[in-house]
Amino acid sequence: MNDPSNVLGKVRRSLGRTAPLTRAPVPPSLSEPLIRLVLSDIGLPQLFEKKALENKIGVTPLRVDDLAAELVAFLHSKHVKTVAVPKSAFLDRIGAVDALRAAGFVVSTWDEMTVDDMYDVDASVTDVWKAVAETGSLVVRASPEHGRCLSLIPPLHVAIVEPKNCVADLIDLFETATASGDASAFTIITGPSKTSDIEMNLVIGVHGPEKVHVFLLA
Amino acid sequence: MLSFVQTALQKRVDDFHAHERIDFDFHRSSVASSGNERLKRAIDNAVLRSDRGRSLKLLELPDSDKLRDLAGEIKQHTLDHLDYYLEQTAINVEKRGGQVHFASTGAEAKKIILDIVHKANCHNVIKSKSMVSEEIELAHVMEAAGINVIETDLGEFIVQIDHDKPSHIVTPIIHKDKESIAELFSNYFGTPYNCDPDALTKQAREYLRDVFRKADLGMTGGNFIVAETGDICCVENEGNVRQSMTTPRVLISLIGIEKLVPRMADLSVMLKLLARSATGQSMTVYSSIFSGVRKAGERDGPDEFHLVLMDNGRTEILASEEYRETLRCIRCGACLNACPIYRKIGGHSYGSVYPGPIGALLTPMFQGLGEYKDLPNASSLCGACYEACPVKINIPKHLISLRRDIVDQKISSPIERIIYRIWAWTYMATWRYKLISFGQKTVLRLQAGGSSWLKRLPPPGSGWTQVRDMPTPAAKTFREMWNAK
């Protein structure tokens, strides 16, 4: 800690104290009924779908057996040629990466890419850490296998969400985040990148992906 | 050698500030903007929509009023124990590989940041929007020090290339129309004029993507810092904050010391209120929570992370038990959107980076009541700001308290003080009161000459009628009517 002008001391004096507190202060208790918007854990994928659509995230609910064909068709319809994927046991297991390669896409895995390569990729196909039903958000978490830029730099982000990814409410997300230790970063994604800076005109696609699409597995 | 470079640098920064002079005349600036119909239309278009969006989105919450109470209590608790939480934050950030710097003043913060940039040998800085960097004019100082710094939020980018100033905390360019932005882009990029917002945004996107690719240092602010984990939370819609924490090898977050919350779980309260209050969204597009440096094996994210925690006048506000709650502010801009005065005079009239009701409080407290004595009076005290505030800062009450301080500290003009003295003296005896109200009524009715409005008063009343008409006094005073009853 670097505090040449003793700001901490100044803060303490401003609060009328001369010594550090000896006991940890107790913050106000978080009354759940006040904060929680989603009360039940039943039907979370359906709620997630509804809310994601409201946020302009495309959603295709499907069975895992149909994923490969649907994914390939979707990417073809968007004129995608190159795809980036995280190194993900889940994506391997459901055969997504093999299906993409077999369909002729140029697929690069994050562990053999640099951030700079990501600028030349048409789309990314990723798993997610969590999906928040309350807000229809995707949550991605940084790790050696899953780079921060995967869901940021390519103009199209396709996420594959399993029902077990879903949490009900933001409260549950932050509880899980606190309990699951110290990832260097996670981002809650609630729609395509957008701005209303110019005369409040909504423009989709600024610095992040202009399209976010979810394949929601049953 | 390094110290020589730094001395030279410091000199350039000092020179930059040398010809900066406070020349703030609220009366002149607000009268000018309130006569600008185009500006008022642009502001109304933006802020009324945000204000309506806020009211609608708050209805989604079980009890938004109580949730705002809770948010206010969390922030107040943090402020009341700020020394503890700052220490906890510093320990946790360092545990996770970041470096923590405390800055007592804006000048100190700038020196710390310039030192980091030079020691890390960085040349291309991408900066995301933050109020605290506006507060200390960080981008200008970096430019003056010869660093290539680019504002990457679309609105701030437009402000930067136009050498303009933001006029709203959340939506910085609501004072500009698309035609003037199109002209600006056409001149700046040397491309044909096109005023379609989509095309303008695409053009900025293409340009800034190249900037992101080359950046070696990212600068962010922070909406919240979680003391128990040392995480920074930044919310945004565009994705440029994510770029800052993803691409460059060095990351600096400059944040005010008041931005802490104790627990990660507190974010669920804050995030549910912040976007709803600011823009009428349930959630902003990106809420990023990050800490320290990339972990072993991670292939993006910064190698070096610096958290600069700045005081710059905040401890003085903290020391006043009366005004301390002002520091709860989470910079959502809801009070600006709700304020009838802001809508008439726009953000630039307030003469500082914090406009609107919260600015009328913070600016005099940060910069001195003497220079900004008019701001606490730039309010009709209607209370819309208090009603909109997600952390329940009682803004009207504090504006009145600042007016009291102006009188106590004898900051108001001597003429004004004499007039009030005379007024008080007159009202202390019935006969003087009767005499004066009779005289006042007679003179004013004579001047009105039968009209029900007085367009112009002689000095010193002329200042008042310059921007409003005065109703002509009634033929009978209230006392006369009462006695005749």
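Contact here means that heavy atoms lie within 4.5 Å of each other. The model described below is predicted.

## A contact in chain A

Start with A:Ala99. Apart from neighbours within four places in sequence, A:Ala99 is in contact with A:Ala68 and A:Val72. A:Ala99 and A:Ala68 are 31 residues apart along the chain, yet their C-alpha atoms are separated by 5.7 Å.

A:Ala99 belongs to helix α6 of chain A, which covers residues 96-102. Is A:Ala99 buried or exposed? The cut-off for buried is under 20% relative accessible area. A:Ala99 has a value of 17%, so it is buried.

## Chain A as a whole

Chain A contains eight helices and 12 strands. Its C-alpha atoms fill a box of roughly 70 × 45 × 45 Å along the principal axes. Of its 218 residues, 57% are buried. Chain A exposes about 8900 Å², and carbon and sulfur atoms supply 52% of that area.

## Chain B as a whole

Chain B has 23 helices and 12 strands. Its radius of gyration is 25 Å, close to the 23 Å that the globule rule gives for 485 residues, so chain B is as compact as a globular protein of that length. The C-alpha trace spans about 90 × 55 × 55 Å along the principal axes. Buried residues make up 58% of the chain.

Residues 24 or more positions apart provide 73% of the chain B contacts that have a separation of 6 or more. Chain B has 62 positive and 59 negative charges. Their mean positions lie 7 Å apart.

## Domains of chain B

Where do the domains of chain B run? Domain 1 covers 38-314, and domain 2 covers 414-484. Taken over C-alpha atoms, the centres of domain 1 and domain 2 of chain B are separated by 51 Å.

## A buried asparagine

B:Asn337 sits in helix α15 of chain B, residues 334-338. Its relative accessibility is 2%, so B:Asn337 counts as buried.

Which residues does B:Asn337 touch beyond its neighbours within four places in sequence? The contacts are B:Val47, B:Ser50, B:Asp51, B:His168, B:Ala278 and B:Arg343.

## Two positive phi angles

Most residues other than glycine have a negative phi. A:Lys56 has a positive value, with phi near 65°. A:Lys56 is placed in the loop between α3 (44-54) and β1 (58-62) of chain A.

B:Glu137 also has a positive phi, near 50°. B:Glu137 lies in the loop between α7 (131-135) and α8 (138-144) of chain B. Why does B:Glu137 count as buried? Buried means under 20% relative accessible area. B:Glu137 has 19%, so it is buried.

Notes:
Residues numbered from 1 in each chain as written. Chains lettered and ligands numbered in written order. Predicted model: local features only at pLDDT ≥ 70, side-chain atom pairs only at ≥ 80, totals over all residues. Heavy atoms only, no water. Helix = DSSP H or I, 4+ residues; strand = E, 2+ residues; numbered from the N terminus. Rg over C-alpha atoms; globule rule 2.2 N^0.38 Å. Buried < 20%, exposed > 50% of the residue type's maximum accessible area, 1.4 Å probe, protein only. Lys, Arg positive; Asp, Glu negative; His and termini not counted. Charge placed at Lys NZ, Arg CZ, Asp CG, Glu CD. Domains from an automatic or database assignment. Areas by Shrake-Rupley, 256 points an atom, 1.4 Å probe, with all protein chains shown as cover.
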